[in-house]
Amino acid sequence: MKRLALRFGQAALVVWGAFTVSFVILYLIPGDSVSVLLGADGGTAVSPEQEAALRSSLGLDQGFFERYVHLAWQYLHLDFGNSVLYGARVTDLLKNALPSTIVLTLSAMVLSIVFGIAFAVAISFRPDGRIARTLRILPAFGNAVPTFWIALILLQVFSFQIHIFPSSGDAQWYSVVLPALTIAIPYGSMIAQVTLDGILRARAELYVTTAVSKGLRPLDVHTRHVLPASLLPTVSIIGLHFGTLLAGAVISETVYSRQGIGSLMQQAVVQRDLPLVQGTIVTTAIVFVIVNLLTDAVYPLIDPRAKVSS
Amino acid sequence: MTTAPSVIVDPIVGLEVGVTPDKRLRPRRTLGARIGLGLCLAIIGVAVLAAAFPGWFTHTDPYKIFYGQHLKPPSWEHPFGTDNLSRDLYSRVVHGAHVSLTASLLALAISFTGGTLLGLVAGSAGGFVDGVIMRVTDLMMSIPSLMMSLAIVAALGFGTINVAIAVGVAGIAAITRLMRSSVLVVARSAYVEAAVLSGVGWPTILRKHVLPNSFAPVAAYIALDFGASIIAISSLSFLGLGVKPPNPEWGALVADGRSFLATAWWLTTIPGLVVTAVVVAANGVFLYFQSSGRSSQ
Amino acid sequence: MSVLKIRGLGIDYVTHHYREVAVSDLDLTVEAGQVVAVVGESGSGKTSVAKAIVGLLPSTAELAPESQIVVNGVDVVGASEAMLRALRGAVVSFVPQDPRRSLHPLKRIGAQIAEVLLEHDVCTKDEVDAHVIDLIDRVGIDQPDVRARQYPHEFSGGMLQRVLIAIAIAAKPALIIADEPTSALDVTIQKQVLSLLVDIVADDGVSILLVTHDLELAARYSDATIVLRGGRVVERRSTGDFFAGPITDYTRALLRSSPTLQPRPIDQSLDDRPVVLEVDDIRRSIRLRSDSWWGKGELFTPVDGVTFRVPRASTVAVVGESGAGKTSIARLVLGLDKPDSGRVIFEGADVHQIGREARRALRRKTQLIPQNPASSFDPRYSVAQVIAEPLIHDGLDRSAVGVRVAELLDQVGLPSSFANKGALELSGGQQQRVAIARAISLNPRLVVCDEPTSALDVTVQARIIELLLGLQKETGVSYLFISHNLAVVSELADTVVVLNRGRVVESGHAADVLGNPSAEYTRELIASVPHRREGVQ
């Protein structure tokens, strides 16, 4: 019970942190947001009254601290302000974009877990073979390939050369495959790397020697003793690195023209729509902590040691 | 066999007369790994040279328009092909190295200077100062670093320098934590305690023991972070926040080629491949030093 | 028929660049029901022998072509993997060194025992639970049905070793190989576990191959002993015979080095000497971190009202098992931690009440010899740099430092050519000598020795103790000697303070405390020190 409260408390702190940091970045950095919003040359077309109205709508006529408290109060009531670019309420824009991003990141997560673990387990049966030794270092380079480039290469091959998947939009269910694959490559190779590392470590553990000296078959030793233990670090990083997927969504959604949080954020930044930028950041933080609460809930099911201390 | 070095003991003389350090504990790097390292260093070297002296690699002006050479695939004349404005892509990639790499180095300098200093202060001061610095990094790490860079660019405005600053600042928190934990390991080590017990003052200990020993493990991350900065900067440029056209930059070159994906594959594939090669090389250098660092423990 | 017959066994470790001989030309026989001990220091090849018998050597190991290992009539060398599997667990089983790491953390204890039973068809799946509970009961664990459903982290180290013994005896093997089965356990637990092993084995008529570094342990529990050195057998005797008069110089040295419980005679002048250190009712508690925001963490008191005094040129030993608070006391005495109450008075001044300058002056007079010298050296430093650090800080000029370092190296019995070696390149014993040289460099009044020999082999340990005693005679330094090993303590302590859970159980002259203990706990500690059999020297 205490543990649960603590988890929720930590989750709330992360969201508060994302709100505070984005607020500090967006409204404390020198440079007047209003002239930014009106544009260097567009400013002439705006009357002083209009400018003043914009200022007060952004809370710029207040001191820094008042603005912070005011905005935090608004956020607590799920009012994220209005988008300068679209005029609409930020929450409405986010509500429309969120499902698409959740589908994208969760599919990518499933793809990464399945392929990442499968890759590591496949290699682990004969980790010292010639091919396996070469493959073993591959996942370490998974994050070396820029996401935007993976996206374009996948597009080129699967949409333009062989017409399997659509190049953009989210009209069909399978249009999520390429965008998800794009962000699953770096995330999945990280999962493969951690799992493989876990397996190689577990093989050297003394309890594996105990299992061998019981007279078990090598396959039984591997599946019953090595693999279960090696998955622990994997499970614990799945949630922690979910941010990689969310960040990847910015690029993936932009390239594949999907209407999600990521592409919304990209547009907001390009147009310097600060309320919308902050809204997207806080929303991704919320998604991030929910995913982490879920993986935390799963962990004690596989590691009995996590249960007792509560 | 235990891991202790095997000692030849002469019980009559009373003192261990010779030591045979257990060589099995210190595997030499394999030949393959050393060739790999050489290759990685060569790639990085070429990229850095291209950034510093583009004239060594091409005499073609990256802005020159070759009339009639619109969207031509790679050939002897134009090894990387030409773009939609009939410019030589090879020359643009070579000159793009300058922008991409200087921005990455600037970002790297910002995150490493900030990170190591803050980490050193946090780790060695402890108490309240440590608490404040760590809580601030906690806050900064509640946002994925790409999103943080995006937010900073949104506030600062666009351009290469701003992008580099954004990427650098977003990277400070991670280096701070790395450095702090390294400092803590050293500061709590028995040899620092031994120095304290020898009456050595804290400033001397910090200078002679803590700084050199705690920076070493962090240094390997320079290579990794260099690669990560290149990716982050080209990603932001790709999203249209970096250089203004017609200036060449790797991420921007890929973005420019997007509209011609179906007809001119080289415009996106080649600059992307160059970025990938350099980052893979940087990661390779990191892996080499990290694994050799581990085995020499 | 012998249970185990080894002839001409040779084991080499081979890597690309390097071939190291671990064992050569070893013969060994274990008859049914016999307990045979293989004794050797680190690097003697004893563990390699144990692993070779069950086919568990790493892939870098290479057996000599003429090697023969026959277990119950089956030649293990060249046996197929399937044949080895049929042997493991069923004919030969293994009790490992480190019980905490030798059981799977995610599997229930019962399931881990059941695995052997099912693998070797000792019983059917329906009967297995009853068998498991039976086995747990047999190794002396209460509530076997409850314990079977628990996980390893809910067990203590001694209990886990019992579980491993249950696994080892489950399939009724002919031979159990016990590889340093108690070296990871506290002394009082050690005795219980070994007795259990030997009793069970006597009931079932199983043979044991006991691999150990501890000659006394071998003497106590085995019928025959072989001594290994550098991979070769240097001594082979039935145990009683063996202690009557060993033949080789090495074994004699080994035997002489193994400390026995023979306290030094009481030195009556002790009470008249000036007191260097006075520890007066010190107490220190640590609040453990709580896992909630509001609740306070549990209070843990590693040092709870400890009082003793260290006279000049004498040695006071603080003795106790792990967790008794020994190291906490060392840190309080050295001024690294502050006590919650009580005083530490060094040469008349309260260590925790003095100013900065006085503290520095104090540092010069109190020094530490750590348990693990390697970690107390800056990894980049040479031997000379390590020893010179306190000297340089004391303001000695460069040439004087060089002279003093050479002098110190000579004093601790290291050749002066060692000065420029990397401090981490040396062997454990040599590193401890360097640490001693550093500790005595400023002519301290008090040196705190925190388990200075517990990581060393016995022959090396004996030299270090000799060195410490010699230095004391020469310089009149006092030692606060912290140890769990009563036999070592008896070699050099004038006064003994017995500690249990942060409290002093008993203290007094070494001869009184060790020869005629008044506290039950002290008697238990003493009883757990292996005693040499009758008729030894």
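Modeller: Contact means heavy atoms within 4.5 Å. Axes are lines fitted to C-alpha atoms, for helices over the stretch in contact, and angles run from 0 to 180 degrees between N-to-C directions. Helices (H or I, at least four residues) and strands (E, at least two) are DSSP runs, numbered from the N terminus. With these terms, helix H16 (residues 458-475) of chain C lies across strand E14 (315-319), E17 and E19 of chain C, at about 160 degrees to E19(C). This is a predicted model: local features need pLDDT of at least 70, side-chain atom pairs count only at pLDDT 80 or more, while totals for chains, interfaces and linings use all residues. Residues are numbered from 1 along each chain as its sequence is written, chains are lettered from A and ligands numbered from 1 in the order in which they are written, and side-chain values use heavy atoms, with hydrogens and water left out.

Colleague: How do you know that E18 and E19 of chain C pair?

Modeller: Two strands pair if DSSP finds at least two bridges between them. Strand E18 (residues 446-450) and strand E19 (residues 478-483) of chain C have five bridges, in the parallel sense. Within this pair, Val447(C) stands opposite Tyr479(C) of E19(C). E17(C) and E18(C) are also parallel, over four bridges, and there Gln367(C) faces Val447(C).

Colleague: What makes E17 and E21 of chain C edge strands?

Modeller: The open sheet has six strands in the order E17-E18-E19-E14-E20-E21 (chain C), with mixed pairing. Strand E17 (366-369) and strand E21 (503-509) each have a single partner strand, so one side of each is left without a neighbour in the sheet. From one strand to the next, the twist averages 15 degrees.

Colleague: Why are both faces of E17(C) called covered?

Modeller: Buried means under 20% relative accessible area, exposed over 50%, and partly exposed in between (1.4 Å probe, protein chains only). In E17(C), Thr366(C) and Leu368(C) on one side and Gln367(C) and Ile369(C) on the other are all buried. In a regular strand the side chains alternate between the two faces of the sheet.

Colleague: Why is the contact between Glu466(C) and Arg463(C) called a salt bridge?

Modeller: A salt bridge is a side-chain nitrogen of Lys or Arg within 4 Å of a carboxyl oxygen of Asp or Glu. The N to O distance for Glu466(C) and Arg463(C) is 3.8 Å, so the pair qualifies. Both residues lie in helix H16 of chain C, three residues apart, about one turn of the helix. Arg463(C) has a relative accessible area of 13%, so Arg463(C) is buried.

Colleague: What makes Arg89(A) and Asp92(A) partly exposed?

Modeller: Arg89(A) has a relative accessible area of 39%, so Arg89(A) is partly exposed. Asp92(A), at 32%, is partly exposed too. Their side chains meet in a salt bridge at 3.7 Å, N to O. Over all chains the count comes to 34 salt bridges.
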